[in-house]
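Please open the model in your viewer and keep the selection tool handy. We will go step by step, picking a few residues at each stop.

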Amino acid sequence: MNKYLEQLLEIEIIAKNEPASMLMPHSKRCNGRLILSAKRILFICNGNENPELDIDLDTINQISHESEFVDNNILSITYLQYETARFTVIDCESWEKAIEEQRMTPHISFNLN
């Protein structure tokens, strides 16, 4: 992970972080880490410095639980109205709940300097 990304996530506070696979078109998968912070969802493929996907929580329209073949834990996120990202996660319901909690929690920071 690059230094800027590490600093950003340190400021935003990580709410959930686990190994996952991102399902891409044509049945391709990218293994890496799915990270939920107070303001965004990031997916970083193994071996990459920069995130493959960076979704602002305010742009999410829908979160759903899907199945494909034998994989019953696919987290599908629709954002910016028509874009969709799909991830294989360990527990889909816990991700849905964690994302909704972060979206509903006001994250106000005050700079007193």
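Here is a short tour of this predicted model, moving from a helix to the cores.

**Stop 1: the helix.** Select residues 92–104, which form helix α2. This helix has 13 residues and spans 19 Å from its first C-alpha to its last, close to the 18 Å expected at 1.5 Å a residue.

**Stop 2: its two sides.** Now colour Cys92, Trp95, Ala98, Ile99 and Gln102, the buried residues of α2. Turn the view to look down the axis of α2: these buried residues fall within an arc of 130 degrees, so they line one face of the helix. An α-helix has 3.6 residues a turn, so residues three or four places apart point the same way. On the face turned away from the buried side, select the exposed residues Lys97 and Met104.

**Stop 3: what covers the helix.** Which strands cover the buried residues of α2? Show β1 (14–24), β2 (28–37), β3 (40–45), β5 (60–68) and β6 (71–79), which are included in that cover.

**Stop 4: the largest nonpolar core.** This core has 23 residues, and those touching the most other members are Leu34, Ile41, Phe43, Ile60, Leu75, Phe87 and Ile99. At least two core residues come from each of β1, β2, β3, β4 (53–56), β5, β6, β7 (83–88) and α2. Helix α2 gives the most, with 4 residues.

**Stop 5: Ile41.** Centre on Ile41 and look for its contacts, among them Leu34, Leu53, Ile60, Ile77 and Ile99.

**Last stop: another core.** Finally, select Leu5, Leu8, Leu9 and Leu42, which belong to a second, separate core of 6 residues.

Technical notes: Residues are numbered from 1 along each chain as its sequence is written. This is a predicted model: local features need pLDDT of at least 70, side-chain atom pairs count only at pLDDT 80 or more; totals for chains, interfaces and linings use all residues. Side-chain values use heavy atoms; hydrogens and water are left out. The expected span of a helix is 1.5 Å times one less than its number of residues. Buried means under 20% relative accessible area, exposed over 50%, partly exposed in between (1.4 Å probe, protein chains only). The arc is that of the directions from the helix axis to the C-beta atoms. Contact means heavy atoms within 4.5 Å. A nonpolar core is a set of buried Ala, Val, Leu, Ile, Met, Phe, Trp, Tyr and Cys residues joined through side-chain atoms within 4.5 Å.
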